[in-house]
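I opened this notebook to record what I looked up in one structure. The entries follow the order in which I checked things.

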Amino acid sequence: MQVNINGISIPLKYTFRSHIIYENITSKPFEPVNVTDFIYFFYSTVMANTTEAIELDTFIDWLDENPEKLQNFTDWLIKQIEVNNKKSKSSSKSSSKSSKK
C-alpha cells in the first residue's frame with residue numbers, strides 16, 4: 001500500500017517499528033477496539049515508513065480529507081496480519097517436522 005500525504009509519497013510496510021511507535025504514542029500494545037486505535041496505528045505505520053516529519057494533526061487533517069484511506073489501510077492491515085500468521089504457522093510446522101527427524 002502506498003499513501004501520498006501533502007506531496008510525500010510513502011510506501012507502507014507492516015513492521016515491528018510500527019508497533020513500537022504505536023506503543024510509544026499510546027502506552028499500550030496494539031489490540032484495536034475502536035477507530036482511534038486504527039487511526040493511531042495508521043499514523044504509526046506512516047511514521048515507521050518515512051524519514052519525513054509528519055505531525056499527527058497534519059495526518060488527521062489529511063485523513064479528514066481522505067476518509068476512505070482509513071478503510072483502505074484497515075483492509076490492507078488485515079491482509080498483512082493474515083499473511084504473517086500463515087508464515088508463522090508454516091514456519092512452526094516445518095520446524096516441528098525437522099525436530100522430529
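Entry one, helix H2. I began with burial in H2, where Asp37, Phe41, Phe42, Tyr43, Ser44, Thr45, Val46, Met47 and Ala48 are buried. Buried means under 20% relative accessible area, exposed over 50%, and partly exposed in between (1.4 Å probe, protein chains only). Helices (H or I, at least four residues) and strands (E, at least two) are DSSP runs, numbered from the N terminus.

I noted the source: this is a predicted model, in which local features need pLDDT of at least 70 and side-chain atom pairs count only at pLDDT 80 or more, while totals for chains, interfaces and linings use all residues. Residues are numbered from 1 along each chain as its sequence is written, and side-chain values use heavy atoms, with hydrogens and water left out.

Next I checked the length of H2. H2 has 14 residues and spans 20 Å from its first C-alpha to its last, close to the expected 20 Å; the expected span is 1.5 Å times one less than the number of residues.

I found Thr45 in helix H2, and Thr45 counts as buried because its relative accessibility is 0%. What does Thr45 touch, not counting residues up to four places away in sequence? I listed Leu12, Lys13, Ser18, Phe73 and Trp76, where contact means heavy atoms within 4.5 Å.

In soluble globular proteins, nonpolar side chains tend to be buried together. I also looked up Phe59, which touches Ile5, Ile39, Phe42, Tyr43, Val46 and Ile54, not counting residues up to four places away in sequence.

I searched the whole structure and found twelve aromatic pairs. One of them is Phe30 with Phe41, stacked at 4.0 Å centre to centre with 15° between the planes. Phe30 is in the loop between H1 and H2 and Phe41 is in helix H2, eleven residues apart. Rings of Phe, Tyr and Trp (its six-membered ring) pair if their centres lie within 6.5 Å; planes under 30 degrees apart count as stacked, over 60 as edge-to-face and the rest as tilted. Phe30 is buried at 13% relative accessibility, and Phe41 is buried at 0%. One aromatic cluster includes Tyr14, Tyr22, Phe30, Phe38 and Phe41.

Entry five, two loops. Asn6 has a positive phi of about 50° although it is not a glycine. I placed Asn6 in the loop between strand S1 (2–5) and strand S2 (8–11). Ser27 is not a glycine either, and its phi is positive at about 60°. Ser27 lies in the loop between helix H1 (16–26) and helix H2 (35–48), and counts as exposed at 68% relative accessibility.
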